[in-house]
Amino acid sequence: MLMVTKQLNSKCKGGIVIETDTLDQVLCSKYPEIKVEDVRMVKSPLRICPFGAHIDHQNGLVAGLALNISIDMAYVPNDTGYIRVQSLEFPEEDNFHINNVPPMVHGSWGNYLRGAVLALEKKFVLKRGIYAIIKGNYPIGGLSSSAAVTTAYLLALCDVNEIEISKLDLIMYSHWVEASFIGLKNGLLDQSMNILSRDGFLTIMDTKTETYELIPKPKEMAEFKVVIIYSGITQSLIDTGYNTHVDECKVAAWLLSEAAGFPLTNFENAKLRDIDYEIFETYKSYLPGRFRKKAEHFYGEMNRVKEGILAWNKGDLCKIGNLMIQSGESSINNYECGCSELVTIFNILKSTRGVYGARFSGAGYRGSCIGFIDPSYEVDIKSRIDEEYPIKHPDYANLYQVNFAKTDNGARIVGRELIS
């Protein structure tokens, strides 16, 4: 069973007050007519990307792993068609009928739930609703919690409506929610790692061909963990410069095509993946500064994914770590994302014994910095962060967190695997 260890405000709709309980029991306390044995569970993991960051929206190659930190949801079907979901992180319940989905409300956690229903209704007729309780394990900025929660909703809705869906289709529905309903111009990285990952494998996704490969960890690779340092800063990506950076990449692709004499495509379809590296090298002087930097990051990151695959196959954690650091530095200097708090954490990790490599996680505007570490150095790594970060950023001294995680399987209904 999935444990809950935080208290929900008693003023929340439904009047749930819990100290320590299981999600299925919490759901049954809210709906007394529900039997515990009828409750179903979905686990949707958060993800990291050691290299291949910020290029999925340009149809690049991406790499990642799922963590044993997840969005967990207990749910039961209902024949009324109503969706009623309570988050343990937010006081409001989202409550609507599948035939009358409310519009997106800026800043509402319920947008992903509404988008999941609309995504499925593009192809399927939904007849059954769900009653559900959902929670996250840690402060999760930068680990793609939005993709994880969307996948959880999609899996539950498909389950209760007896809809069979492939992993790749699930990725596309989840991506539609963020890109088309929410309005974030992201690619397929987050959804791919959340859904495709397997414990002990590196997931490689070609976001242009929509094909993927799971590369097993070799026996000679040393054990490693992932350190996750939450900066204390949380901000929705739609409220950052994320979409602007995506457009700058498109401008770079457009200008390179024009300089090379290629037929110009629709701006929205302009992708750096369609421009060979040799073309970029020949015509990069035609690109104004910030556009050239975005292209430099794209081609550098594509190469780091390829080198990372070789390093993973050899079990070379030192090389993987170096590639992570290169990726992090390019994210700062070329992709021009990051905030001072995340840069501080990144620089601390780079110089801390036991850390193979580190980089921002997510878009880099807020959230977390991650690193591959030797597990025997956990205490030392945490101590170093605790000694330096609060002094440099006192506003977040009571908010930041240092956590450690292992890799895990992708999203699944507990006890059942997804269709391939």
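Author: Before counting elements, note that helices (H or I, at least four residues) and strands (E, at least two) are DSSP runs, numbered from the N terminus. This is a predicted model, in which local features need pLDDT of at least 70 and side-chain atom pairs count only at pLDDT 80 or more, while totals for chains, interfaces and linings use all residues. Residues are numbered from 1 along each chain as its sequence is written, and side-chain values use heavy atoms, with hydrogens and water left out.

Reader: How many helices and strands does the protein chain have?

Author: The secondary structure of the protein chain comes to 11 helices and 15 strands.

Reader: What is the mean pLDDT of the protein chain?

Author: The term pLDDT is the predictor's confidence in each residue, from 0 to 100. The mean for the protein chain is 90, and 90% of its residues reach 70 or more. Over residues 1-20, however, the pLDDT is below 50, although this stretch has 53 contacts in the model beyond near neighbours in sequence, a contact meaning heavy atoms within 4.5 Å.

Reader: What share of the residues of the protein chain counts as buried?

Author: Buried means under 20% relative accessible area, exposed over 50%, and partly exposed in between (1.4 Å probe, protein chains only). Of the 420 residues of the protein chain, 58% count as buried.

Reader: Which values does phi take at Asn59 and at Glu210?

Author: Most residues other than glycine have a negative phi. Asn59, in the loop between strand E3 (40-48) and strand E4 (61-78), has a positive phi near 65°. Glu210, in the loop between strand E8 (201-206) and strand E9 (211-216), has a positive phi near 60°.

Reader: Are Asn59 and Glu210 buried or partly exposed?

Author: Asn59 counts as buried, at 19% relative accessibility, whereas Glu210 is partly exposed, with a relative accessible area of 37%.
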